[in-house]
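My notes follow in the order I worked.

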Amino acid sequence: MAKFLVENSGALSGEVHVSGAKNAVLPLMSASILAGDVSVIQEVPKLRDVAVMKEILSSIGGKLEQDDTSESLKIDFSELTSTEADENLVKKMRASFLIMGPLLARKGHAKVYMPGGCVIGARPVELHLKGFEALGADVVVNDKFTEAFAPPGGLKGARIYFYFQNTAATENIMMAASLAEGTTYIENAAEEPEIVDLANFLNKMGASIKGAGTDMIKIDGVKALHGAKHTVIPDRIETGTFMLAAAITRGEILIKNIVPDHVRAVASKLRECGVTVELVDEGLYVNGADRPLVSTGIKTLPYPGFPTDMQSPFMAFLTTVEGDSTVIETVFENRFMHVNELNRMGANIRTEGNRAYVQGGKKLEGAKVRATDLRAGAALVLAGLAAEGTTEVDEIYHIERGYEDFVKKFRDLGAIILRVDE
Ligand code: EPU
């Protein structure tokens with residue numbers, strides 16, 4: 001299995017270009033199922049999760065074209081040959097559940113095996129299913145798969161209330177409702193930028209969606225959707241990861257291809273700690289060496305609150321600044337697995353339920369650690385850059401699911417990081 005060897009790298013410096021967003025491109029690829037012809041998605045990052053989604057789409061009849069050098073992906077769904085995706089593929093990634101809405105809307109049937117993904121909590125799908133049922137579908141669930149059948153005449157618009165905000169459920173229902181008869185309202189919808197990106201793509205395909213990015217989305221169903229061309233938004237979590245890289249190494253990084261609004265929460269917390277975060281003409285300038293850094297508290301929340309995906313990288317940073325910090329995780333019930341790993345590197349973090357108490361100002365030391373999930377993996381690499389000695393990060397396939405050119409981008413900033421295959 002491959003691993004990363006990370007050395008103390010001093011202050012990182014230079015420029016980095018952020019790739020298209022993983023969590024935007026996966027729903028966009030899924031949405032292409034809804035069109036009876038060709039869609040083109042641009043700035044598609046080369047990621048393991050994207051490769052899995054490509055395989056899933058091919059397995060149900062999609063014809064996909066993307067050469068090795070191009071970031072433009074062509075997806076032709078003039079033929080949809082199956083409404084059931086291969087079990088082994090679906091199990092590789094939680095986002096595979098996003099094909100359920102489009103299949104159900106276009107063909108009146110979908111069967112999806114229980115998806116896999118990072119083990120960061122129970123991650124049930126009942127919100128999605130309640131949404132499909134509200135649109136008139138008959139949903140059958142067992143411990144292996146979920147199957148849904150549209151009523152005769154197809155899905156019907158409905159008023160759907162989500163009792164908490166969830167990204168993927170909002171996306172699935174938005175896609176299904178685009179082809180339903182009549183109007184659907186999603187109340188307490190999630191407000192993530194990836195949802196806005198998906199709504200923009202669907203509207204280019206001929207859908208009629210208003211309010212994406214707010215907690216009330218209105219979808220007027222249409223009879224058919226056509227292919228469209230769309231460029232994926234920049235990855236806000238990758239942006240945040242490089243912001244933290246500048247902060248934890250007390251370095252200076254210019255981050256290009258960013259949407260400043262999407263990283264407001266992370267920027268504001270970093271500024272609170274004393275890190276310089278400035279919007280300049282070419283991007284976002286982040287400097288962790290301008291002044292002494294101080295601790296802060298963070299609490300993860302749905303967008304526009306502090307993102308759960310940035311919780312572990314931010315915690316790695318907090319171990320290095322003077323003072324005590326509290327980190328509260330409210331989105332996932334099991335997203336503190338990096339705590340043990342950071343403690344192995346000399347951090348002093350104690351957890352109690354969904355709270356982690358970080359005693360800062362610790363000098364981290366290299367250790368053999370395990371990337372327990374995608375973002376936890378990134379956090380350990382960040383910690384390794386600031387730690388004395390060598391940090392060996394195992395199970396890096398998690399990291400490669402979601403960060404494009406991870407090693408190259410870090411090396412270009414002066415990081416000493418090596419990928420070794422065992
Ligand atoms: N949940 C339910 N019921 C549901 C659906 C979700 O209780 O029907 C709960 C889960 O148990 C979990 C929380 O809601 O506690 C978040 O749910 P989920 O795992 O379903 O999140 P998601 O919407 O599928 C997206 C991102 C995640 C990101 C979360 C939160 C994609 C493809 N994934 O997941 O990204 O952490 O939103 O913002 O968009 C990552 O990129 O590393 C990642 C995990």
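Predicted model: local features only at pLDDT ≥ 70, side-chain atom pairs only at ≥ 80, totals over all residues.

**Helix 8 against helix 9**

I began with helix 8 (residues 236–248) and helix 9 (residues 264–273), which pack at an angle of about 10° with axes 10 Å apart. Axes here are lines fitted to C-alpha atoms, for helices over the stretch in contact, and angles run from 0 to 180 degrees between N-to-C directions. Helix 8 and helix 9 are therefore roughly parallel.

Residues are numbered from 1 along each chain as its sequence is written, and side-chain values use heavy atoms, with hydrogens and water left out.

Which residues meet between helix 8 and helix 9? From helix 8 I listed M243, L244 and A247; from helix 9, V266, A267 and L270. By class, this contact of helix 8 with helix 9 has six nonpolar, no polar and no charged residues. Contact means heavy atoms within 4.5 Å. For the classes, Ala, Val, Leu, Ile, Met, Phe, Trp, Tyr, Cys and Pro count as nonpolar, Asp, Glu, Lys and Arg as charged, and the others, Gly among them, as polar.

**Helix 9 against helix 10**

Next I checked helix 9 with helix 10 (residues 311–318). Their axes come within 12 Å and cross at roughly 5°. That makes helix 9 roughly parallel to helix 10. Helix 9 brings V266, K269, L270 and C273 to the contact, and helix 10 brings F314, F317 and L318. I logged six nonpolar, no polar and one charged residues for the contact of helix 9 with helix 10.

**The whole chain**

I then stepped back. The protein has 14 helices and 23 strands. These are DSSP runs numbered from the N terminus: helices are H or I with at least four residues, strands are E with at least two. The radius of gyration is 21 Å, close to the 22 Å that the globule rule gives for 422 residues, so the protein is as compact as a globular protein of that length. That radius is taken over C-alpha atoms, and the rule is 2.2 Å times the number of residues to the power 0.38. The C-alpha trace spans about 65 × 45 × 45 Å along its principal axes. Of the 422 residues, 57% count as buried. Buried means under 20% relative accessible area, exposed over 50%, partly exposed in between (1.4 Å probe, protein chains only).

**Loop residues**

S19 sits in the loop between strand 2 (13–17) and helix 1 (22–31). Is S19 buried or exposed? At 7% relative accessibility, S19 counts as buried. Leaving out residues up to four places away in sequence, S19 touches P45, I233, P234, D235, E238, E404 and K409. Of these, E238 falls within helix 8 (residues 236–248).

Phi of R250 is near 55°, a positive value in a non-glycine residue. R250 counts as partly exposed at 27% relative accessibility.

E395 lies between strand 22 (390–394) and helix 13 (397–402), in the loop. Its phi is near 60°, again positive in a residue other than glycine. At 18% relative accessibility, E395 counts as buried.

Last, I found a cis peptide bond from Y303 to P304, with omega near 10°. P304 is in the loop between strand 17 (298–299) and helix 10.

Terms used: Parallel < 35°, antiparallel > 145°, perpendicular 65-115°, else oblique.
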